[in-house]
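Then follow the stops below.

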Amino acid sequence: MALDGIVIANIVKDMREKLVGGRILKIQQPEKDELIITIKNYDQYRLFISADASLPLIYLASSKKEAPMTAPNFCMLLRKYIGTARIVNIYQPEFERIIVFDLEHLDEMGDLCRKKLIVEIMGKHSNIIFCDDENMIVDSIKHISAAVSSVREVLPGREYFIPKTQEKLDPTAVSEELFREKVCGYPGSLTKAVYMNLTGFSPVMANELIFRAGLNGEMNAAELTGDLVTHFYKCFERFMEEINSGSFVPCIVYKGADAEGNGKEPVEFASLLLSVYEQQEGMKLSGFESISAVLEEYYAKKNLMTRMKQKSTDLRHLVGNAMERAVKKYDIQKKQLEDTLKRDKYKLYGELLTTYGYGIEPGVKQAVVNNYYTGEDISIALDEQLSAIENAKKYYEKYSKLKRTFEAVSEQIVQTEEEMEHLDSIKVALDIASCDEDLNTIKNELVEFGYIKGHFGRLSVKGAGVKGSKGRNGSYVGGNREKSKPLHYVTGDGFHIYVGKNNYQNDELTFKMANGGDWWFHAKKNAGSHVIVKTEGRELPDRVYEQAAALAAYYSKSKDGQKVDVDYLERKNVKKPNGAKPGFVIYYTNYSMTVTPGLDGLTQL
């Protein structure tokens, strides 16, 4: 979600506590739309501001970012005026997505002056604007002329004002009468009525307010009457009391993660507890100490996932095309196999014609003979140009041809099924991949099995070169590339669980890292990771079996299923056939359980 007015209020609260009274030490502009301002106020803080149209942000960063050797003009201007300024106030006007920094500095004559640095977090309209004490624009990181915007020019010498493109209510000052009129009288869904009429409310926070009120966001707002309107307004008042009192609960909602947020995709963040997600299957809420920590974590994970998806796009496309070809080939082979089902009938015709051929007159188109296997008479079509014995020979030839086709196609179908299973496992590995090394391992596997033409020693995925060559087992020979490691979890009982992220890693995990007495888990008849629980001579509690099985289901093709069957057995009973594809194993003496995929009770290391 984008930063709404509630998140901005949380940011302002945190920054007032940490930055007001502080002095600016350094101003950098690492990108054309970004600023990093270092502030000293007992501790030292690094304020990151981005007016990027696709991802506007403001938070207190924990990491550094390299700045160019030559500062851009806007950065030089800020250094000239406020390079050593003191922050005297930080506020959010009218609950808008705007933060104003009031600054004090000394001019060339040594006189005390005031300036404003205004940060607008408004999607594609985001900007960083530097104004004097009379609200006149000195400069901005983006210049907006009348040709670009008919609402407001953002140029040096123009007066700064907040554009009012929509007549929304300030939720910090709205009366019950206006709330009833604008929100509860809106001719649309209740969710839309909230975020379309109240400044600073995003759809996510509108849904949270409605959930807390026990109402349905899809209902028409105008249908609220009498006591329901009063109830909704009272819930809104309590909601705003949390914000006005600064009782923020910064949090991130993860889809498919453990209680600490380790795992899958971050889907939402907020400054208030998102109770609407607490009861949803597969969703986990993780709290943070500050909204800055939330933003840094959320967008770091989002950016990583986006980057990995972009880098794996070509591989996904290639695997998808290969799977499509394999499915088409499989359908053709199944049809060919169905056609061979007639072979036994032709064999029977040949036998019966050989037996009764002496009694069949030449030149007839069919013969009715007794099937001595069933005792019933059957009619056999004949070529009148051939004798009965010659017709028998023809049927035997048809039988032999179909038999050969059956044997050949049956073998081809097994190979195609193995290919489809292999491609499924690669698709799962692409979903799990979390670094460039993972993608390169997958790419090398695709090269080895002929899906990509190339030389192992010259492979790379954008941004991650691979040096050296790769052997059949997926290990790298030569070069200086660090190998990707399996996922590592620990249970509350102290048992360590490892998850292979690709086929080569599955083989290494199962047959090199695991001992015979360790336990092995895998989603039943499903592409997925090998999961190993290290026993270290201890007996596994039942809950550890369940946690490991849920982990195996989670890292499988059926991760989104509610119930997944998982096989498990001691590692010593898992075998790898000679010449089998990476990740392929066989086993016979196993146990099975049905679980819901998840990471509950596990901590990722």
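Predicted model: local features only at pLDDT ≥ 70, side-chain atom pairs only at ≥ 80, totals over all residues.

Which residue forms a salt bridge with R86? Select E104: its closest N and O atoms to R86 are 3.1 Å apart. A salt bridge here is a side-chain nitrogen of Lys or Arg within 4 Å of a carboxyl oxygen of Asp or Glu. R86 sits in strand β5 (residues 86-91) and E104 in strand β6 (residues 98-106), 18 residues apart. Strands (E, at least two residues) and helices (H or I, at least four) are DSSP runs, numbered from the N terminus. E104 is buried at 14% relative accessible area, while R86 is partly exposed at 29%. Buried means under 20%, exposed over 50%, partly exposed in between (1.4 Å probe, protein chains only).

Residues are numbered from 1 along each chain as its sequence is written, and side-chain values use heavy atoms, without hydrogens and water.

Next, select K524 and D567. Their salt bridge has its closest N and O atoms 3.2 Å apart. K524 lies in the loop between β21 (519-523) and β22 (531-534), D567 in strand β23 (residues 564-570), so the pair ties together parts 43 residues apart in sequence. D567 is buried at 4% relative accessibility.

Last, go to V174, in the loop between β9 (137-140) and α3 (176-183). V174 is buried, at 12%. Show its contacts (heavy atoms within 4.5 Å). Not counting residues up to four places away in sequence, V174 touches L169, F179, Y233 and F236.
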